[in-house]
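Here is a short report for a reader new to this structure. Please look over the sequence and the model before reading on.

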Amino acid sequence: MRSSRTSKVPKSKDLSPMGCIRTGFRKSDLKQSFVDSLFCNLGRVPIAATDHDRYTALALAVRDRVLKQGVRTLETFCEQDARVVSYLSAEFLPGPHLANNLLSLGITEQTRNAVSELNCDFEAMLDQEEEPGLGNGGLGRLASCFMDSLATLEVPAIGYGIRYEFGIFDQEIRDGRQVEITDKWLRFGNPWEIARPEHTYEVKFGGTTENYTDENGNYRVQWHPKTVVKGVAYDTPILGYRVGTCNRLRLWKAEAVESFDFAAFNHGDYYRAVEDKVVSENITKVLYPNDEVAQGKTLRLQQQYFFVACSLQDMIRVHLFLGRRLDQFHEKWAVQLNDTHPAIAIAELMRLLIDEHNMDWETAWHVTKNTCAYTNHTLLPEALEKWPVELFQRLLPRHLEIIYELNHRFLAEVQEAFGNDPDRLGRMSLIDESGKRYVRMANLATVGSHKVNGVARLHSDLLKQTVLRDFAEMWPEKFCNVTNGVTPRRFMALSNPPLANLITDHAGDGWLYDLTKLKALEPLADDTKFQKQWLKVKLTAKKKLAGLIQQRTGQVVDPKSMFDIQVKRIHEYKRQHLNVLHIIALYNRIKKDPTVSIAPRTFIFGGKAAPGYYMAKLMIRLITGVAEVVNHDPDVNGRLKVVFFPDFNVKNAEPIYPAADLSEQISLAGKEASGTGNMKFSMNGALTIGTLDGANVEIREEVGAENFFLFGLTAKEVFEMKANGYNPQPYLHADGELSDVLNLISNGVFSRGDRSLFRPLVDSLRYDDHYLLAADFRSYLDAQSKVSAAYSNPEVWTRMSILNVARIGKFSSDRSIQEYCDTIWNVQPVIVD
């Protein structure tokens, strides 16, 4: 049933449109729209326009065409009364929008020609776009890949998140160390977002609760908050590739309910006059405050609840506007919790239904469980979020009451299913009472969702065997796997146009819709002419990256050397330091025998360390210290080069993936949930050296074991080794080369003689080695020898590279989203004209 109000609203197709020029795709239309935007939106004349003015004018011109599809999409979804996917994520890393929207609209070349005729540099305009730094790494980029695929598959969807004023920090390297610079991505505004001040919601914090009985004799609770802030919506259109669908990314900004206290101002208390504004806006000021201190923990929980509360209120508003009943909410909304950050949605949806809309508990719980689904992204127990009970009590007292009641009912179910097993009850409880009391968010998300999925087959299996084993034993039907994927539009067509064009010439243009069509390249893997074309494309990408490396770091690298690349968040479990140990081993071989045969190789690192993660920052310092020595030692004679490429993000990644010869995916088996960089590298023809971890397992199965350089322990072997009391010392004593490498580091060779600088890192490897570098070192070096041998034969290497691309079709995010639609969300595409 739909509200009669919807029938009175004019349809976009019935209105006199904005004009064919303003939304047309002809070159003349685009030229006129660009000039109009420059004059009418920015008030600029061409002679006075800056590069950023020209970018903004072009972005606004393209946005007009995108929004026309967005309006029609919204109308169609309402007409069809469609079920909508609501993707809740604390992170989104969409990357630059302009080039992506031009690609999706199919007007890149028309636009390039249009602005060229106006004497504008198209590439320079694209380069002006600030990257929205709304995420930390893979989690946020995955969310954005999924938004791209949802629109491309014409699935009704909305993404909900936080409009951080300052995103993930910009990274500079000074004196070999990471320095964090404020990411002021909004300093020039954002032409892609539209403020929606009419869509604001109050979000409560703190205070007390009061129990009472309503006029019908029902038990009710009233929350009396201490503070209230306002959430304001900002919408960014997310366009599907060559389809009519344009979904929305809705981000929330925190504001004060009253931004200015005039009475305080009149009394001369100028600070208090704006205090509410300052305190309220802090909630969405910065991505991931340092939660090592109490204030940081409070702010992070505030952020998570803030965006969830706004999002659920928004969904309920739309649901009621369309004349639907709230007990049917789960029939029209599929809410996906992207990790535990939005897990408070379980308690908040219960609160809204029970307290605000007077629904009984059983019905509200039925609606909540059938609305929500949870994606787990980690096997690291320390990464499963939990919040001190006292913090919850202080910040969200009503939610703690709801969680207590949920826990009481849930543990009764557990006891009924498994008997009186105190250990099991303690593990499964929503409250950790083993010491200081905590609310376990992963347990809450699991109990309150109808489906729980991992993000790679190995990860999903380990999830059921380890951190969520008790829940999988209780509800085996609740658990499933959806292996991650990435969008080929951004990470092939946009990042690597020469490769995309070569593929299209030989496999047709349908592969960007259906990546499995890359299989058509398999017969060409042994074709000499095609191999030469392939090598030419790769060399072009390497020359481009070499130019950027010189521009950003001053380092000159040889594009004809092997580009061995590891770019990802810096973390001990990702083992960038294992890569460095290999480099030092090669360097030490050269120092012992300068005539030794070592194929030229350029090692390229990139990634950010969390500001409070000391060991990760020390790993960056080790990389730059090794680079300082290796790059300037005449004995090396150009055979080895080490580069740290600063400020790795989506925009900077686009020239990196196409240039890689070798992709380093060397995390300790059983630690990486999936990984998506491994997919992006393979899509661009890099070969992988890696462990059987995360999606590496499935990539190896798809591309062929013979086209993958495998090394290291399996997840089962890691578990057994740790269970038996792993000690790195026997490996150090048995492997003289490993001992020599650690001695070089500890003796100050890579720290300008400072023997104390890297002591914490070396000591951790010698006496703890939590991530088993010593156990995997020799296997890793042996695999690297096989890499060098294969690379020395260009025909063999190129064949392997072609087959990696030809067989990578499974890892499109389109396939991932189709699996979510079929197995978790039960949603159907809606065709938009």
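In what order do the strands S12, S13 and S14 lie in the open sheet? The order is S12-S14-S13, and the pairing is antiparallel. This comes from a predicted model.

Strand S12 (386–388) and strand S13 (431–432) are the edge strands, each pairing on one side only. S12 is joined to strand S14 (residues 438–440) by 3 bridges in the antiparallel sense. Within this pair, Trp387 stands opposite Val439 in S14.

## The nonpolar cores

The largest nonpolar core has 186 residues. Which of them touch the most other members? They are Phe306, Phe392, Ile745 and Trp825.

Beyond its neighbours within four places in sequence, Phe392 is in contact with residues including Trp387, Val439 and Met441. Leu301, Ile344, Pro397, His399, Leu400 and Ile403 are also among its contacts.

A second core is separate and has 54 residues. Trp511, Ala541, Phe648 and Val805 are among them. In soluble globular proteins, nonpolar side chains tend to be buried together.

## Two crossing helices

Helix H10 (residues 294–321) and helix H12 (residues 345–356) have axes that come within 10 Å. These axes cross at roughly 45 degrees. H10 and H12 are therefore oblique to each other. Their crossing is right-handed.

Which residues meet here? From H10 come Tyr305, Val308, Ala309, Leu312, Gln313 and Ile316. From H12 come Ala345, Glu348, Leu349, Arg351 and Leu352.

Methods. Residues numbered from 1 in each chain as written. Predicted model: local features only at pLDDT ≥ 70, side-chain atom pairs only at ≥ 80, totals over all residues. Heavy atoms only, no water. Core = buried A, V, L, I, M, F, W, Y, C linked by side-chain atoms within 4.5 Å. Buried < 20%, exposed > 50% of the residue type's maximum accessible area, 1.4 Å probe, protein only. Contact = heavy atoms within 4.5 Å. Pairing = 2+ DSSP bridges. Helix = DSSP H or I, 4+ residues; strand = E, 2+ residues; numbered from the N terminus. Axes fitted to C-alpha atoms, helices over the stretch in contact; angles between N-to-C directions. Parallel < 35°, antiparallel > 145°, perpendicular 65-115°, else oblique. Left-handed = near helix turned anticlockwise from the far one by under 90°.
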